Amino acid sequence: MENPHAERQAVLLERILKNTSKCTEMILELNHCLEEIQRANASVKIAADLSTKYRKNVQYNLEATRGTSTVNDQTDSIG
């Protein structure tokens, strides 16, 4: 005579294993998709970095130009 409790546990364990396997498969697929997205966005990141550096350089040069013109204005008003 078989134990009905053991049968029920075996069925539940089988379902748990099946669901765990599906979850693992889906996580692997998600990781793969995220890697593709990262590869696709690599050029966007490079462009954003270049744009940020360009903006900082422009800001620096504008401030340097303002400082030079302020000094020139003061020199002109003295002379």
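User: What makes Leu 30, Leu 34 and Ile 37 a nonpolar surface patch?

Analyst: Glad you asked! This is a predicted model, where local features need pLDDT of at least 70, side-chain atom pairs count only at pLDDT 80 or more, and totals for chains, interfaces and linings use all residues. Residues are numbered from 1 along each chain as its sequence is written, and side-chain values use heavy atoms, leaving out hydrogens and water. A patch is made of residues with over 30% relative accessible area and no salt bridge; nonpolar side chains (Val, Leu, Ile, Met, Phe, Trp, Tyr) are joined within 5 Å, like charges within 9 Å. Leu 30, Leu 34 and Ile 37 form such a nonpolar patch, of about 280 Å². The areas come from the Shrake-Rupley method with a 1.4 Å probe; for residues, only the protein chains shown count as cover.

User: What makes the patch with Arg 8 positive?

Analyst: Its members are Arg 8, Arg 15, Lys 18 and Lys 22. Lys and Arg count as positive, Asp and Glu as negative, while His and the chain ends are not counted. Each charge is placed at NZ of Lys, CZ of Arg, CG of Asp or CD of Glu.

User: Where does Arg 15 lie?

Analyst: Arg 15 sits in helix 1, residues 4–78. Helices (H or I, at least four residues) and strands (E, at least two) are DSSP runs, numbered from the N terminus.

User: Why is Lys 45 called exposed?

Analyst: Exposed means over 50% relative accessible area, buried under 20%, and partly exposed in between (1.4 Å probe, protein chains only). Lys 45 is at 54%, so Lys 45 counts as exposed. Asp 49, at 35%, counts as partly exposed.

User: What is the count of disulfides?

Analyst: The count is zero. A disulfide is a pair of cysteine sulfur atoms within 2.5 Å. Cys 23 is partly exposed at 47% relative accessible area, and Cys 33 is partly exposed at 34%.

Methods
Salt bridge = Lys/Arg side-chain N within 4 Å of Asp/Glu carboxyl O.
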